[in-house]
Amino acid sequence: MAGAYPWLEEIRLKRMVVSDESLEIIAKSFKNFKVLVLSSCEGFTTEGLAAIAANCRNLRELDLRESEVEDLSGRWLSDFPDSYTSLESLNISCLGNEVNLLALERLVSRCPNLKTLRLNRAVPLDRLPNLLRGAPQLAELGTGAYTSEMRPDVFSNLAEAFAGCKQLKTLSGFWDALPSYLPAVYPICSQLTSLNLSYATVQSPDLIKLVSLCEKLQKLWVLDYIEDDGLEILAASCKDLRELRVFPSDPFGLEPNVALTEQGLVSVSEGCPKLQSVLYFCRQMSNAALNTIARNRPNMTRFRLCIIEPRSPDYLTLQPLDDGFGAIVEHCKDLRRLSLSGLLTDRVFEYIGTYGKKLEMLSVAFAGDSDLGLHHVLSGCDNLRKLEIRDCPFGDKALLANAAKLETMRSLWMSSCSVSFGACKVLGQKMPRLNVEVMDESGPPDSRPESSPVEKLYVYRTVAGPRLDMPGFVWTMDDDSALRIS
Amino acid sequence: METTEKTPQKTTTTTSSGGLNLKATELRLGLPGSESPERDEDGGGGVKGGAIRGFCFSSDGIDGKWNLSEMGIGKDVGLFSPPTPREREQASVIKQKKPQISSAREQVVGWPPIRSFRKNSMATTQKNDDVDASQAKSSSNCLYVKVSMDGAPFLRKVDLKNFATYKDLSSALHSMFACFTISQCGTHGVSNRDELSESKLMDLLHGSEYVLTYEDKDGDWMLVGDVPWEMFTNSCKRLRIMKSSEAIGLAPRAMEKCKSLN
């Protein structure tokens, strides 16, 4: 690529293995390189980052979101030369070790266009004020660990520094948050549009105090410590809310540890007219609640509900949650993304096939009774692009009957279902424009009878033919009707 | 429509009908990425095998700011990568740890769909909290711990500070849970309470039907009675009256110890 496009400016990669050598090539080959975004990537170290820092004179954006970086030393940051001032966005939140803090401060203060700064956990709270003072134009900040010895001077320094950031609209980070330090952000709450508190393990009263000041809030990510009470306050205070994500603080605990139920979500659906995107982890749900939510918010476009215990029924009636989710797809006519959970029969898929005409992505787990369920979805959802299914009794019939549909979709993922190896072979043979990949770590699927189910199946359309770079536990079913193992 | 009972949660038992339960005896991470990363703006890394697209229930797909798929990049290179050495190590560590009885729900692999980074992040925070909490506990006037009994419909709580010896604790628990053991009699074929002979009741309460265990600070399940009382109250997080049939793994001399406690 370096030879062909020497003027390449932006590279954005997701879920790829990137080596230090690749980073070095990027750093040295593209004179006008501006944007590097590595999302959920891995395979590189801070040495690779050093190469980027040292060579990319025009770099504007370096975003390592969620990547796994071998953090050898924080020294790499010092490799940005003193003459380098074009940084606009830096996201190093995934790094494990401390970066050279002085170098960071100097970098931040000499880049007048720096708008986004996402620090890693290792940046101590008492260094934050200096960083903020160096970049009062900051629009998005991810703090490091939000805890320190409680000292009034540290607190007032921090509060003052926050108050100086008149453009700050997005806040995140807050690892290990100490409640007594939260008020330091109060001065800017009224200007915040996006708040990610999903790593802040503080309790409801402290969350409520903070959130109730954020009248312009559009996006909130928070732990379930907020509880139903907190969500009720949120509904009353944040009328511009568009996206809510509530994550579980104790997902593997046996019993609920917080007073968060379906009621919290119902409150927000009632109070926030612009709410369109929801991700909600909880431990109980009812058809009545889902019905209410659906009717309150026909403008919902993304709805993902995770009831923690698989196959949980409506806790009031002990019935499946088919009708509740049915109401969601029926009333929310622009629904593009849906994730289901709880006790569900084939009927919910009938609703989805009938009403989910705009649905693009569907995630299903521990649901359904038979192939009919899968058939409803594949035959009914005209705009379906991505379908992922785990632990459902869906098998060969629906898959093969709807083989043509798969060519209109981006991908299908099925794991722990009832699709047989034989059916995968047939699908691979019938559909040359699909890559039908079977993943099985217990050995080649042809060492077992054709009728035995495959562990994981991934089907996607391709113009490039089967891959040749797969690891040993992945097999392509292709039209030679012979397994090609790479 | 069939009514389906809520399936009790078993580790890694999959429910594929008529299929091989390939995962039935494994507790492992599955393919890297099969736990599917959530994507948040800055919730950082350490995502195990975020390189493999898996079950994205709670991660961002289409609605990300930019969508590589449209550009057609990325599909052919490095989409599937072999488990990194760290992932393989993690998987084998979990395999080895399997036989313990955990107070947490038995995990179905990859459910709930929480990203590893988030899990790790919370785990670190929790460790710190536990240290603080236990320090707070020892300086307060009470030490309430939950007590569960296998088969009982609800749990109880006892204040360990109310007792000075194991014997005290044992008697108190017997009183608290007697009502459940009496109803257990019913399931053993005794038709009504009048027919309950005193000896049968004593057998149930004092026999080797149940074993008293506790979860310590490290999350391990221990037999009650091995350590001095003070040490026990300092490290006990919760109690479980376990059916002896479940305690098959305990050494025979441990069973003897139980009997002597009773």
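**Figure 1. Chain A carries 16 helices and 22 strands.** Helices (H or I, at least four residues) and strands (E, at least two) are DSSP runs, numbered from the N terminus. This is a predicted model, in which local features need pLDDT of at least 70, side-chain atom pairs count only at pLDDT 80 or more, and totals for chains, interfaces and linings use all residues. Residues are numbered from 1 along each chain as its sequence is written, chains are lettered from A and ligands numbered from 1 in the order in which they are written, and side-chain values use heavy atoms, with hydrogens and water left out. The C-alpha trace of chain A spans about 70 × 60 × 35 Å along its principal axes. Of its 486 residues, 63% are buried. Buried means under 20% relative accessible area, exposed over 50%, partly exposed in between (1.4 Å probe, protein chains only).

**Figure 2. Helix H9 of chain A is largely enclosed by the rest of the structure.**

**Figure 3. Thr261(A) caps the N-terminal end of H9(A).** A side-chain oxygen of Thr261(A) lies 3.0 Å from the backbone nitrogen of Gln263(A). This is a polar contact: a pair of N or O atoms within 3.5 Å; within protein, one must be able to donate a hydrogen and the other to accept it, and residues adjacent in sequence count only if both atoms are side-chain atoms.

**Figure 4. The side chain of Ser339(A) reaches the backbone oxygen of Phe57(B).** The distance is 3.1 Å. Ser339(A) sits in strand E15 (residues 337-339) of chain A. Is Ser339(A) buried or exposed? Ser339(A) is buried, with a relative accessible area of 0%. Leaving out residues up to four places away in sequence, Ser339(A) touches Phe303(A), Arg304(A), Leu305(A), Phe325(A), Ser363(A) and Phe57(B).

**Figure 5. Chain B has 7 helices and 5 strands.** From the N terminus on, its elements run α-α-α-β-β-α-α-β-β-α-β-α. Of the 262 residues of chain B, 47% are buried. Among contacts between residues at least 6 apart in sequence, 62% join residues at least 24 apart.

How values were computed
Contact means heavy atoms within 4.5 Å.
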